[in-house]
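Here is a friendly note to read with the structure open beside you. Take the points in order and find each place as you go.

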Amino acid sequence: MLQMKIIFEKTKVHDLKVDVVKANLCIGDDLEIDVDAKGALELFYFKEIGSITRFLGRKKSNRLGSLSSEDSKNLSQKLKKAHKIRVRVVDILPKNLSKNKYDEVHVSVWIG
């Protein structure tokens, strides 16, 4: 059994590209992570495409945002050695409840 190790218990997603309410993003949702051309780590969430494709398991990936440059730098080193990575949404603050009127999303990152 592969032992998972926590890298970030809770880290903020920067440069959000979606309205978290409209995207129907929930705590516990799995995300994927990818490296962009500048070396920043981008996060993607999945949304089902139509009612028929729900039964076929097809989902479209959408860009959620990215990790900070410092978090990206720290995690990039560890990703090279990782066999498995798990990124999950751990906190969501919609703009209508936020003091600064911006959506906020925090994620946890685990590697194995």
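**Notes on the fold**

1. Let's begin with a pair of neighbours: strand 1 and strand 6 run antiparallel and are joined by five bridges. Here strands (E, at least two residues) and helices (H or I, at least four) are DSSP runs, numbered from the N terminus, and two strands pair if DSSP finds at least two bridges between them. Within this pairing, phenylalanine 8 stands opposite valine 109 of strand 6.

2. A word on what you are looking at. This is a predicted model, in which local features need pLDDT of at least 70 and side-chain atom pairs count only at pLDDT 80 or more, while totals for chains, interfaces and linings use all residues. Residues are numbered from 1 along each chain as its sequence is written, and side-chain values use heavy atoms, with hydrogens and water left out.

3. Now the overall plan. The chain's secondary structure comes to two helices and six strands, and from the N terminus on the order is β-β-β-α-β-α-β-β. Of its 112 residues, 35% count as buried; buried means under 20% relative accessible area, exposed means over 50%, and partly exposed lies in between (1.4 Å probe, protein chains only). Among contacts (heavy atoms within 4.5 Å) with a separation of 6 or more, residues 24 or more positions apart account for 64%.

4. Is serine 108 buried or exposed? Serine 108 counts as buried because its relative accessibility is 6%. Serine 108 sits in strand 6, which spans residues 104-111. Leaving aside residues up to four places away in sequence, serine 108 touches Phe8, Glu9, Arg86, Val87, Arg88 and Val90.

5. As background, nonpolar side chains tend to be buried together in soluble globular proteins.

6. Turn to charged pairs. A salt bridge here is a side-chain nitrogen of Lys or Arg within 4 Å of a carboxyl oxygen of Asp or Glu, and by this rule there are six. One of them joins lysine 10 and aspartate 91 (3.0 Å, N to O). This pair links distant parts of the chain, with lysine 10 in strand 1 and aspartate 91 in strand 5, 81 residues apart.

7. Another salt bridge joins arginine 63 and glutamate 42 (2.9 Å, N to O). Arginine 63 lies in strand 4 and glutamate 42 in strand 3, 21 residues apart. Arginine 63 is partly exposed, with a relative accessible area of 22%, whereas glutamate 42, at 16%, is buried. Salt bridges that share partners join Asp15, Lys17, Glu42 and Arg63 into one network.

8. Finally, two backbone details in loops. Which phi does aspartate 15 have? Aspartate 15 has a positive phi of about 55 degrees although it is not a glycine. Aspartate 15 lies in the loop between strand 1 and strand 2 and is partly exposed, with a relative accessible area of 45%. Lysine 101 also has a positive phi, of about 65 degrees, although it is not a glycine. Lysine 101 belongs to the loop between strand 5 and strand 6 and counts as exposed at 54% relative accessibility.
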